[in-house]
Amino acid sequence: MDINLTQILFQLVNFGVVLGALTYFLYRPIMGIFEERSKRIADGQKAAQKALKSQEELEQMKKKAADKAKREEAKILKAAQEKAKQKRQELLAQAKAEAKEELEKQRAAWKKEHAQLLAQQKEEMVAAVMATVDKVLTSSVDAKVSSKLVDKELDAILKSL
Amino acid sequence: MSDSQVVVTTAFPLEKKQKEKVLQIAQKVVGATTAELKEVIDPTVLGGIKITFGGVEYDATLSSKLTVVQQQLQAEMQ
């Protein structure tokens, strides 16, 4: 087998040309496509991570907002309960004061009425007693008794002079 | 009524002796030697005697005593 150096050289040049052409027209565009795809994938991943992060942040914000709303709600509820309790106590105190005042008024009126009634009864009793005594004396004091009384009084006056 | 007039109020007429005692009282109190006795019969005095002369009054009637008792009773009841 003969070795043709020219042929070898030609083949080498030919291979080099084909390699160069392939590299220039096929390898580089394909690599460019691959790089672009990798870049798109990386961008997509970054965007996905960013979106995920944003979503997490949003969730956190949502949670914070919900917590805040819950705290505000609890605060408002507590304030409302306190206010209602205070109002209830005020109303209760007012009702008690009014009831006490009314009771005092009723008691004073009753006491006054009772005192008047008692005084009236005493007066009537005294009048009845005196009327009875008067009646008894009228029927029992005759001229003889009266004369004795007069003697007794006159003697007492004379004695005292 | 003059100073020498003695007014006596009773429920029944006075006896002579009682009238003398009245005049005796008048003489001792105001020194009236010739006092005139005026007798008033008033059944509402019930008993006892009331003597009035020279601005002096002795009220020893049962009615006045009853009035005093009534006033005391009313005062006690207050």
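Start with the salt bridges between chain A and chain B: there are 2. A salt bridge here is a side-chain nitrogen of Lys or Arg within 4 Å of a carboxyl oxygen of Asp or Glu. The model is a predicted one, in which local features need pLDDT of at least 70 and side-chain atom pairs count only at pLDDT 80 or more, while totals for chains, interfaces and linings use all residues. Residues are numbered from 1 along each chain as its sequence is written, chains are lettered from A in the order in which they are written, and side-chain values use heavy atoms, with hydrogens and water left out.

Select B:Lys21 and A:Asp155. Their side chains form a salt bridge with an N to O distance of 2.8 Å. B:Lys21 sits in helix α1 of chain B, residues 16–30 (helices are DSSP runs of H or I, at least four residues, numbered from the N terminus). Is B:Lys21 buried or exposed? B:Lys21 is buried, because its relative accessible area is 14% and buried means under 20%, exposed over 50% and partly exposed in between, with a 1.4 Å probe and protein chains only.

Now show what surrounds B:Lys21. Leaving aside residues up to four places away in sequence, B:Lys21 touches A:Asp151, A:Leu154, A:Asp155 and A:Leu158 (contact means heavy atoms within 4.5 Å).

Next, select the whole interface. Chain A brings 23 residues to the contact and chain B brings 26. About 2300 Å² is buried between the two chains, and carbon and sulfur atoms give 74% of this area. Buried area is the accessible area (1.4 Å probe) that two parts lose on being put together, summed over both. On the chain A side, A:Met130, A:Leu154 and A:Leu158 lose the most area to chain B, together 23% of what that side buries.

Finally, look at the aromatic rings. Rings of Phe, Tyr and Trp (its six-membered ring) pair if their centres lie within 6.5 Å; planes under 30 degrees apart count as stacked, over 60 as edge-to-face and the rest as tilted. Over all chains there are 2 aromatic pairs. Select A:Tyr24 and A:Phe25: this pair is edge-to-face, at 4.9 Å centre to centre and 90° between the planes. A:Tyr24 is exposed, with a relative accessible area of 52%, and A:Phe25 is exposed at 61%. Then select B:Phe53 and B:Tyr58, whose ring centres are 6.4 Å apart with planes at 35°, so this pair is tilted. B:Phe53 is buried, with a relative accessible area of 0%, whereas B:Tyr58 is partly exposed at 25%.

Key:
Helix = DSSP H or I, 4+ residues; strand = E, 2+ residues; numbered from the N terminus.
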